[in-house]
Amino acid sequence: MKKISINSYELFLFFLLVAFAVMIGLINPAFFSLGTLFDVVRNQIVYILFAFALLPVVILGGVDISFVAIASLATFLARIALTNLGYEGGIWLVYILAIVFGIAAGMAVGWLISTFKLKIFELSLGMTPLIYGLLTFFSSIMSGHGRLQALVGWNMKWLVTVQAVVGRSGLHVSVIVVVLTFIGMHIFLRYTTPGRAIYAVGCDKSVAIRTGFDIKKIYLTVFSILGAMAAIAGVTSSGLGSGSFEDKFFKVYATVIIGGATVHGGKGTVFGTLLGVLLVGLINQALVYLRIPTAWGDAFLGVIFIAFATYQTIENRSNN
Amino acid sequence: MEKKQSFLEKVKEFWKVNVAKNRTGQLVLVLIGITIFFILTEPKFFRVKTYESMLLQMSELGILAIAVFLCILVGGLNISVMANANLAALAMGSFILANVTESSTPQQIWLTIFGGIFCALIIGALGGLLNGLMVGYAKMPPLLATLGTATLFTGIQKGLTGGESVWGYPPQVEYFGNGKVLGLPLPFIMFFVITMIIFIMLKFTRFGYKVYMTGANQTTAKFSGIPTERVTMFTYIVAGMLSSLTATIVLGRTMSANSDYGLLTYVLFTIFVAVVSGSRAGFGSVITVFIGMFALQTLQTGFNYLLQTVKGSTYFRDFIWGLLLIIFLIVNYYANVRRVEDN
């Protein structure tokens, strides 16, 4: 029964997405082009990866804000290490090294939370300045390290390019990363026991404990995924040159909620999250096409978030 | 010999009641300890000037910390206080800008400023009302509700101003940030008075009692006939109005209204103060919050003096705050474990 309701929500999101696109297209026909699609995807690639990082935590019912800091930390460490080694190969080793650092950082967070029974939000509130402070402190000391060779030119590698209204648009190579992580996360969350365990804990922690799930192991798994995915997002972001993500945690969080993961935990799918990110991306794009100043973007997001969260809360209560 | 032992026992008893099991006592001890430490290590620390600037700096944050403390007390959390304060500062500033002309007499300007403060209070109360409706009546998880409203408030301000800061106020506004009454900074007097008012409200009024009851156990409170929804909502409204009072200080100190003033750092610090003071749903005292705020400010100012000469020390300070927060969270965990064992 539950399976159907989740799927119907995804269907609803999908139709919302299409309806929205058609609406913008009717107002401004220039919107209907492969170039626009590629632009939306490209602008959202890093958000998609961050949303995947956050999804397991949201399924657990928590709020984490340290994932952006972990992403910066993992990327920074991988870059420093490889630059010092004089590495000149491709970007894939940067990914692997960053993932290792990310998992280490994530496991540290998971260990602290499960050992001392801390609230995820409070700990991440402490983790964020701790990591950023460390990062900026060291990078202010180690000035003058160049850009890693592996990342140069990465932002211009296209799978397909098309002629757009202004210049060229293309499908970026890092879409491969998104597809791979999408498949990996989907299989993990849906078809493996540790993946299902996350849903169990998110639905009802005390029942999950009595059923015999090892809470500590689950927390470690969730935060390892968070660290690994954040690292992937960080490297992708730095390769694309899309700038700082320090203050974007709310946007990521809102997209995950809009994508069908509930504020109470225990729900959420990878596909829904993907749709949620694309919907938010489309809304941002729409503001441009509808000639609404982009400064109103955050206010829109806030309203949409509050609407979705209120709806979820009311539905959750009527279910009980 | 016998007399000495009884004195020792008295000290032990005093220790047990006021320090070992009382967060206020612990914080007073910590405060004295770090003050002595900084006096010994930093000759410039123990001066009137240092304390003046400390009192000034802690007030802004302290009022917000009390707002967050109230929300935690009623069983929630509030991370939208600073966003609310920024929006209130914009409302106050815009009202003043719209009503003050070059030919205004000082008296008219003062009247306009008080009108501006009224606007700020309304915006703060409305923000609190929105939070209160979402948390109290819609029963949304407080962290999420206030996360949403924080983005909404900041977004509205960004949309209205285009992300720019708004300035150009008459110099009288500065009085709220830097003015002095009886030799003490006005913001500190506000902070102190608010602490006292909230103390009296929590300790001696029916509303305060209901706040504690709602926070301690909402179901029990509900069955005892306490309108928990309304109590929660009013608590959030009070928190919103405290945000507006902070807004007057921020506006006076910076003489501009910004949408991104201190958003993440202030959230960190207000929750830090709440964690340090050991506040949780249904338990905690505003006096502890006050002393905790004082201790944290002493620590910050002392660090500033100590690390003045170190390169990149500002970043290092962030690191220390994060570390301290995590340490205090762990300390609270052990305090909780002990409390459970005692019972």
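This is a predicted model: local features need pLDDT of at least 70, side-chain atom pairs count only at pLDDT 80 or more; totals for chains, interfaces and linings use all residues.
User: Why is the pair K158(B) and D298(A) called a salt bridge?

Analyst: The closest N and O atoms of K158(B) and D298(A) are 2.9 Å apart, and a salt bridge requires a side-chain nitrogen of Lys or Arg within 4 Å of a carboxyl oxygen of Asp or Glu, so the pair meets the rule. Across the interface of chain A and chain B the rule finds 1 salt bridge, while the count of residue pairs in polar contact between these chains, both residues at pLDDT 80 or more, is 2.

User: What makes up the side of chain A that touches chain B?

Analyst: Helices α4 (92-116), α5 (120-141), α10 (249-258) and α12 (297-319) of chain A each supply at least two residues to that side, and α5(A) gives the most, with 14 residues. By class, the residues on this side of chain A divide into 25 nonpolar, 9 polar and 4 charged. In total, 38 residues of chain A are in contact with 40 residues of chain B, and the two chains bury about 3400 Å² between them, with 81% of that area on carbon and sulfur atoms.

User: How do you know that K180(B) and E52(B) form a salt bridge, and what does the pair tie together?

Analyst: For K180(B) and E52(B) the closest N and O atoms are 3.2 Å apart, and the cut-off is 4 Å, so this Lys and Glu pair qualifies as a salt bridge. K180(B) lies in strand β2 (residues 180-181) of chain B and E52(B) in helix α3 (residues 48-73) of chain B, so the pair ties together parts that are 128 residues apart in sequence. Over all chains, a search of the whole structure finds 5 salt bridges.

How values were computed
Residues are numbered from 1 along each chain as its sequence is written. Chains are lettered from A and ligands numbered from 1 in the order in which they are written. Side-chain values use heavy atoms; hydrogens and water are left out. Contact means heavy atoms within 4.5 Å. Buried area is the accessible area (1.4 Å probe) that two parts lose on being put together, summed over both. A polar contact is a pair of N or O atoms within 3.5 Å; within protein, one must be able to donate a hydrogen and the other to accept it, and residues adjacent in sequence count only if both atoms are side-chain atoms. Helices (H or I, at least four residues) and strands (E, at least two) are DSSP runs, numbered from the N terminus. Ala, Val, Leu, Ile, Met, Phe, Trp, Tyr, Cys and Pro count as nonpolar, Asp, Glu, Lys and Arg as charged, and the others, Gly among them, as polar.
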